[in-house]
Amino acid sequence: MNPDDPLLKILACPLDKGPLHLLVPDEALSFGEALYNPRLRRRYPVVDGIPQLLPSSGEQVTEDEHQELLKRMAP
């Protein structure tokens, strides 16, 4: 996926139905490409370009991870 993908505008968190933010992997992240819901602090993996949006696929992130991800999402 890329940040300009129109699919990102319609994808929603399976739990609260709110928007998700694309997380692009780099050396500082300990996980690959993912979609993030900052309201619930849940991260959903993207495997081979396919978002895994089942509620059971999401992972809860720690407070430290959440703060780091918020910094990355800031404009």
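Reply: Start with His66. At 4% relative accessibility, this residue counts as buried, because the cut-off for buried is under 20%. Keep in mind that the model is predicted.

His66 sits in helix H2, which covers residues 63–73. Its side chain makes a polar contact with the side chain of Tyr36, at 2.5 Å.

Now turn to strand E2. This strand spans residues 34–37 and contains Leu35. Leu35 has 0% relative accessibility, so it counts as buried. Its contacts, leaving out residues up to four places away in sequence, include Leu8, Leu11, Leu20, His21 and Leu22. Further along the chain, Leu35 touches Arg42, Arg43, Tyr44, Val46, Pro51 and Leu53. Val24 gives a distance to check: its C-alpha atom is 8.8 Å from that of Leu35, and the two residues are 11 apart along the chain.

Several of these names return in the largest pocket. Its lining includes Leu8, Leu20, His21, Leu22 and Val24. Pro3, Asp4, Asp5 and Lys9 line the pocket as well. Two elements give two or more residues each to this lining: helix H1 (7–10) and strand E1 (21–23). By type, the lining residues are 5 nonpolar, 1 polar and 3 charged. The volume of the pocket is about 160 Å³.

Next, the whole chain. The protein chain has 2 helices and 5 strands. Read from the N terminus, the order is α-β-β-β-β-β-α. Of the 75 residues, 33% are buried; His66 and Leu35 both count as buried. Take contacts between residues at least 6 apart in sequence: 34% of them join residues at least 24 apart.

Finally, the overall dimensions. The C-alpha trace spans about 25 × 25 × 25 Å along its principal axes. The radius of gyration is 11 Å, which agrees with a compact globule, because a globule of 75 residues would have a value near 11 Å.

Terms used. Residues are numbered from 1 along each chain as its sequence is written. This is a predicted model: local features need pLDDT of at least 70, side-chain atom pairs count only at pLDDT 80 or more; totals for chains, interfaces and linings use all residues. Side-chain values use heavy atoms; hydrogens and water are left out. Helices (H or I, at least four residues) and strands (E, at least two) are DSSP runs, numbered from the N terminus. Buried means under 20% relative accessible area, exposed over 50%, partly exposed in between (1.4 Å probe, protein chains only). A polar contact is a pair of N or O atoms within 3.5 Å; within protein, one must be able to donate a hydrogen and the other to accept it, and residues adjacent in sequence count only if both atoms are side-chain atoms. On a 1 Å grid over the protein atoms alone, a cavity is a set of points where a 1.4 Å probe fits but cannot get out, and a pocket is an open set with protein on both sides within 12 Å along at least five of seven lines; lining residues have an atom within 4 Å of a point. Grid points are joined across faces, edges and corners, and a volume is the space filled by probe spheres set on the points. Ala, Val, Leu, Ile, Met, Phe, Trp, Tyr, Cys and Pro count as nonpolar, Asp, Glu, Lys and Arg as charged, and the others, Gly among them, as polar. Contact means heavy atoms within 4.5 Å. The radius of gyration is taken over C-alpha atoms; the globule rule is 2.2 Å times the number of residues to the power 0.38.
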